[in-house]
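Look at the sequence and the model below, and keep both in view while reading.

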Amino acid sequence: MEFAAFAERAAEIEATAADLEIVSLVRDLFADADDDLDTVARFVQGRVFPAHESTTLDVGPNLCYEAIARAAGHNVAADDVEDRVAGVGDVGDVAADYDFGGQQGLGAFAGDGPDGLTVGEVESELRALAAAAGSGSRDRKLDLLFGLFNRCSPPEARYLARIVLSEMRIGVGEGTVRDAVAEAFDVPVAAVERALQVTNDYGLVATVARDEGEAGLGDLNLEVGRPVQAMLAQAGTVADAIEAWETVAVETKYDGARVQVHYDGDEVALFSRNMEDVTDPLPEVVDFVDEHLSVPAILDGEVVAVDDDGEPLPFQEVLRRFRRKHDVAKAREDVEVRLWAFDCLHADGEDLLDAPLRDRHDRLSSILDARVATVATAADPDGIADIETRALEAGHEGIMLKDPDSTYSPGRRGKEWLKRKPDVETLDLVVTGAEWGEGRRAEFLGTFELSVRAGPDDFETIGKVATGITDEELAELTELLEPRIRVEDGKAVDLEPGVVFEVGYEEIQTSPTYSSGYALRFPRYLGVREDKDVADADTLERVERLADGS
Ligand code: AMP
């Protein structure tokens, strides 16, 4: 396809506002794209390479302005281009305003203007540009880009500049391309969608839809070495999870950075959440996978930085490592990173995207013999709260709640995965009672009765908290509260009000169980408010307001 024809279509699409009309125009563009369909399907979104490829042009605005200036003539400087872009707000409009084609040097064509640039040529020149590396690469990139601009008519220059800077802005998103492929080649949208999920390659999917139809799309599968988008989570509560599913898969939420592991039985490749290749900066993860993964596979997981004692460090440490290009060995000495795998998308030749999470978990533990994420199933809030406490005790961020029956949908942020929402509000409540623990914890007070202030010396109960407390904290709390015991009745003790706990919760409900008339759903101990005494604790009035949502 002539690049001029592509530019003309792009201009038409840009001038169209209605989504459905845009889809029709893109459909026609695809139908006419012939051999260049794969490139056209990317260019139309302002992409040069498939999303799964790590190749980048590595051309910043300055280099682009310089190439435009050079093609525009002797009396135009890169600064002039930059000033005009700042004024107009769009590099494409500025590029289209110059008269290219008469300049001396590489790619100049005797001053007679545009000379039939094709989409394929643009793509191969841009690939050559991306491949330029090492010393002199900037000059080489500049020469190549100048050569392209020099052969452009104004509309071609407009879209070349935008493609180069990934700012296509013609109103074509991923959904438009998906629908246009379906319409152009008469295949179901769902088949296109699935094929996109497993390949992450709009060009490939468009070409297969045209040449092999629905059956061809169905034959596209995951490929080890080709990253797919990560499945994402929504914020949610324990109540949401329990209401939605019979049992809940509760996983530790690791505080690091997402990594997709690809192992073909020989080589390991690691990709970040935006599908950048991060294999080189993470040598200890590569070694780990080599040693512990038994079959070719694609795994999903989190890479966490740890200190000398193996305790998790803040996630910024991992991101720092991701960016590390040089001296990785030194970085590795400073801070170790570890993989925790929590999902398995492919194992030993078999795609598992459509398998339920519980089966994917089983498969994961059968092929990886270390650092598989902790997963437990629970059906009740207390069970979940215990797992959460253990995860927090181990220094992790918290928990993820997942539907054990759910399939893996790349790129989807659905309700199948919930990250437990942090408590929005907390209450400062007076501890008015407690119970002695059992077994290992018989020496300690646990299960603390909490009250709100209803008057100067009037405390009304609102709930009990037993979760979120470590053994060490239990010992400290016992020491703090034991002197306040007024009455003991079996295991239960009545306490002189004096200590205030900060407590998180998911919801306040009216309830006959407690004397305040309210109860907290999923209360969690957050700490002692040593700076507060009972007169500063939260009042029944505030609880009433919170319960009303006002
Ligand atoms: P957030 O970054 O707060 O949106 O939380 C989602 C992120 O948590 C994911 O993208 C992962 O990087 C990370 N994460 C940590 N542990 C898990 C897990 N067990 N399951 C899924 N995501 C996890």
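How many residues lie between E12 and E13 in the hairpin that they form? There are two residues between E12 and E13, where the names stand for helices (H or I, at least four residues) and strands (E, at least two) that are DSSP runs, numbered from the N terminus. This is a predicted model, in which local features need pLDDT of at least 70 and side-chain atom pairs count only at pLDDT 80 or more, while totals for chains, interfaces and linings use all residues. Residues are numbered from 1 along each chain as its sequence is written, and side-chain values use heavy atoms, with hydrogens and water left out.

Strand E12 (residues 445–455) and strand E13 (residues 458–465) are antiparallel and share seven bridges; two strands count as paired if DSSP finds at least two bridges between them. Within this pair, Ser451 has Thr461 of E13 as its bridge partner.

Elsewhere, five strands make an open sheet in the order E4-E3-E5-E6-E7, with antiparallel pairing. Strand E4 (268–272) and strand E7 (350–351) are at the edges and have a single partner strand each, so one side of each is left without a neighbour in the sheet. Helix H14 (residues 283–292) packs on this sheet and touches E3, E4, E5 and strand E6 (336–347), in a direction that makes about 50° with that of E6. Here contact means heavy atoms within 4.5 Å, and angles run from 0 to 180 degrees between N-to-C directions of axes, which are lines fitted to C-alpha atoms, for helices over the stretch in contact.

What of empty space inside? Rolling a probe the size of a water molecule over the atoms shows where empty space is left. On a 1 Å grid over the protein atoms alone, a cavity is a set of points where a 1.4 Å probe fits but cannot get out, and lining residues have an atom within 4 Å of a point. The largest cavity holds about 30 Å³ of space, a volume being the space filled by probe spheres set on the points. Its lining includes Arg258, Phe271 and Asp300, and E3 gives the most to that lining, with three residues.

Terms used. On a 1 Å grid over the protein atoms alone, a cavity is a set of points where a 1.4 Å probe fits but cannot get out, and a pocket is an open set with protein on both sides within 12 Å along at least five of seven lines; lining residues have an atom within 4 Å of a point.
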